[in-house]
Amino acid sequence: MAAAHPLRSKRRRSALRTAAFLSPWLIGFAVFFLYPLLSTLYFSFTRYDGFRQPAFNGLDNWSYVFTDYPLFWPAMRNTLWLVLVMVTCRVAFGLGIGLLITKIKTGAGIFRTLFYLPYLAPPVAATLSFVFLLNPGTGPVNTLLDAVGLPTPGWFTDADWSKPALTALALWGVGDLMVVFMAALLDVPKEQYEAAELDGAGAWARFRHITLPNISPIIMFAVVTGVIQAMQYYAQPLVAGKVAAGVIGGSGQQFEPGYPDKSTLTLPQLVYNLGFQRFDYGTACVVALVLFALSMAFTALLMRRRGGLIGAGE
């Protein structure tokens, strides 16, 4: 028994030492993640406008959001569309540009700079530029399409084309993924390519069996971070909708997000509109929790299937 006390004391000191080293992270996690999450969960069951004390109302906010709130399901569909289509296109396009630049022998630095520069543009400025470029009446894009006899879409003024226009904007700023993929591609052992060529493997076989398995962790990283960014997509669709609708801005103007016909409405816009424009914090917290649950579900699904890319290449 006497020997057990020094052992327990040693374990206790080790645990305290570990907790001391972890304390900065634990404090940050508790203050900036756990507390806000629990507060959001609590306010979702209350009627709260930010001025009076919260009043418990059970599942009224949840019932209202899922059954009576007319903007929730359009925002949900748009957000899921952006996650599935925009993220897929950005990853594929970024990987394609990275592959292309790694094959260029002369002037690769110039092309790398040209493709990366759009990513540095502020989101609002980039969105404004795209709205004017894609203006259905005076924009140069439709002018060129009309000159060659192609259809001229309405882009940000057409509900069927607004999300593809946002996707084009996201592809224009794909420089961040291009740089990440380039670094991963340059790390693939050249010996593997040389051995595959000696075995008679073609370009597609080399990509499938060598490139893809080697860079699959980077692809997974790009997909997961892309899903999280798409779930937080706020400024670009809001600015595009405002400018396309002719709303310049100002304290006296009211604007319902989602123009045209709710096609650019996203869940983060609902959170801001409900919480900071309508002062309905309880309902805003419900939408925020749905957004959080979707992000966690997508991330968990992707992480569980992270071996699929490697398996596809084998």
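1. Let's start with helix 11. Its buried residues are covered by parts that include helix 5, helix 7 (162-172) and helix 12. Those buried residues are Gln236, Pro237, Leu238, Val239, Ala240, Gly241 and Ala244. Here "buried" means under 20% relative accessible area, "exposed" means over 50%, and "partly exposed" lies in between (1.4 Å probe, protein chains only).

2. A quick word on what you're looking at. This is a predicted model, in which local features need pLDDT of at least 70 and side-chain atom pairs count only at pLDDT 80 or more, while totals for chains, interfaces and linings use all residues. Residues are numbered from 1 along each chain as its sequence is written, and side-chain values use heavy atoms, with hydrogens and water left out.

3. Now the overall picture. The protein has 14 helices and 2 strands; helices (H or I, at least four residues) and strands (E, at least two) are DSSP runs, numbered from the N terminus. Its C-alpha atoms fill a box of roughly 80 × 65 × 30 Å along the principal axes. The radius of gyration is 25 Å, whereas a compact globule of 314 residues would have one near 20 Å. That radius is taken over C-alpha atoms, and the globule rule is 2.2 Å times the number of residues to the power 0.38. Of the 314 residues, 36% count as buried.

4. How much of the contact list joins residues at least 24 apart? Among contacts between residues at least 6 apart in sequence, the share is 68%. Contact means heavy atoms within 4.5 Å.

5. Back to helix 11, this time with helix 5. The axes of helix 5 (residues 123-133) and helix 11 (residues 235-245) come within 9 Å and cross at roughly 40°. Axes are lines fitted to C-alpha atoms, for helices over the stretch in contact, and angles run from 0 to 180 degrees between N-to-C directions. Helix 5 and helix 11 are therefore oblique to each other: angles under 35 degrees count as roughly parallel, over 145 as roughly antiparallel, 65 to 115 as roughly perpendicular, and the rest as oblique. The crossing of helix 5 and helix 11 is right-handed, the label used if the near helix is turned clockwise from the far one by less than a right angle (anticlockwise gives left-handed).

6. Which residues make the contact between helix 5 and helix 11? Helix 5 brings Pro123, Val124, Thr127, Leu128, Val131 and Phe132, and helix 11 brings Gln236, Val239, Ala240, Val243 and Ala244. By class, the contact of helix 5 with helix 11 has 9 nonpolar, 2 polar and no charged residues. For these classes, Ala, Val, Leu, Ile, Met, Phe, Trp, Tyr, Cys and Pro are nonpolar, Asp, Glu, Lys and Arg are charged, and the others, Gly among them, are polar. One handy rule when you look at such lists: an α-helix has 3.6 residues a turn, so residues three or four places apart point the same way.

7. Another helix pair to check is helix 8 (residues 175-186) and helix 10 (residues 203-231), whose axes come within 10 Å and cross at roughly 150°. Helix 8 and helix 10 are therefore roughly antiparallel, and their crossing is right-handed. Leu177, Val180, Phe181, Ala184 and Leu185 of helix 8 meet Thr211, Ile215, Ile218, Ile219 and Ala222 of helix 10. Sorted by class, the contact of helix 8 with helix 10 has 9 nonpolar, 1 polar and no charged residues.

8. Have a look at the loop between helix 11 and helix 12, where Pro260 is found. A cis peptide bond joins Tyr259 and Pro260, with omega about 0°. Asp261 sits in this loop too, and its phi is positive, about 55°, although it is not a glycine. Lys262, also in the loop, is not a glycine either and has a positive phi of about 65°. Asp261 is exposed at 66% relative accessible area, while Lys262 counts as partly exposed at 34%.

9. Finally, two buried residues. Leu267 belongs to helix 12 (residues 267-277) and has a relative accessible area of 0%. Leu267 touches Phe72, Ala75, Met76, Thr79, Val287, Leu291 and Leu294, leaving aside residues up to four places away in sequence. Thr283, in helix 13 (residues 281-304), is buried at 2%. With that exclusion of residues up to four places away, Thr283 touches Asn61, Tyr64, Val65 and Leu274.
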